[in-house]
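Have the model open while you read.

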Amino acid sequence: MGFPLLTLLGGLVLFQSKHFLFDFVFQTSYQLKNKGTYAHPGGILHAGLHAAGSLPAIYLFSPSATMVAGLVVAEFVIHYHMDWLKERVVRVNGLTNKDATFWHIFGIDQLVHNLTYTAMLTVLLAQV
């Protein structure tokens, strides 16, 4: 396995670990309850923690302040809006974890987050 592949895999491990921690371990009921209300501090806090949590992985691949800032802002915007949209769809349709559609929406949300990390790594590795 060459250096680029190991670098990519290492980056994915960092992003996935961060994602698990901030979406499932450190997310508070305050964040969870308020992500569906646009511009609510709970949703902003949640997306902000995700973006800040990505700093070590991003900085590991790029010491460029412009690149770091751009990717952190991009992740914040995408994460915030995906979570807001997921919560709105779930609430408007009265979905619960007993509904198959709930899990479809949850899966789409997780897919978008994972594709965001893939895109971020693509941008970072393209500059190496």
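The axes of α1 and α6 come within 10 Å and cross at roughly 140 degrees. Axes here are lines fitted to C-alpha atoms, for helices over the stretch in contact, with angles running from 0 to 180 degrees between N-to-C directions. Helices themselves are DSSP runs (H or I, at least four residues), numbered from the N terminus. On the α1 side the contact (heavy atoms within 4.5 Å) includes L8, F15 and F24, and on the α6 side it includes F106, H113 and Y117. By class, that contact has nine nonpolar, eight polar and two charged residues. For the classes, Ala, Val, Leu, Ile, Met, Phe, Trp, Tyr, Cys and Pro count as nonpolar, Asp, Glu, Lys and Arg as charged, and the others, Gly among them, as polar.

Keep in mind that this is a predicted model: local features need pLDDT of at least 70, side-chain atom pairs count only at pLDDT 80 or more, and totals for chains, interfaces and linings use all residues. Residues are numbered from 1 along each chain as its sequence is written, and side-chain values use heavy atoms, with hydrogens and water left out.

Now for α6 itself. This helix covers residues 100–126 and reaches 39 Å from first C-alpha to last, close to the 39 Å expected at 1.5 Å a residue; the expected span is 1.5 Å times one less than the number of residues. Among its buried residues are F102, I105, D109 and Q110, where buried means under 20% relative accessible area with a 1.4 Å probe, protein chains only. Their cover includes α1, α3, α4 and α5.

What about the largest nonpolar core? That core has twelve residues, including F15, A51, L71 and M120. A nonpolar core is a set of buried Ala, Val, Leu, Ile, Met, Phe, Trp, Tyr and Cys residues joined through side-chain atoms within 4.5 Å. α6 gives the most to this core, with four residues.

A47 is in helix α3 and counts as buried because its relative accessibility is 0%. N34 lies in α2 and also counts as buried, because its relative accessibility is 10%. Contacts below leave out residues up to four places away in sequence.

| Residue | Contacts (heavy atoms within 4.5 Å) |
|---|---|
| L71 | I58, M120, V123, L124 |
| A47 | F76, H79, Y80 |
| N34 | H40, G42, G43, R91 |

Definitions and conventions: Helix = DSSP H or I, 4+ residues; strand = E, 2+ residues; numbered from the N terminus. Buried < 20%, exposed > 50% of the residue type's maximum accessible area, 1.4 Å probe, protein only.
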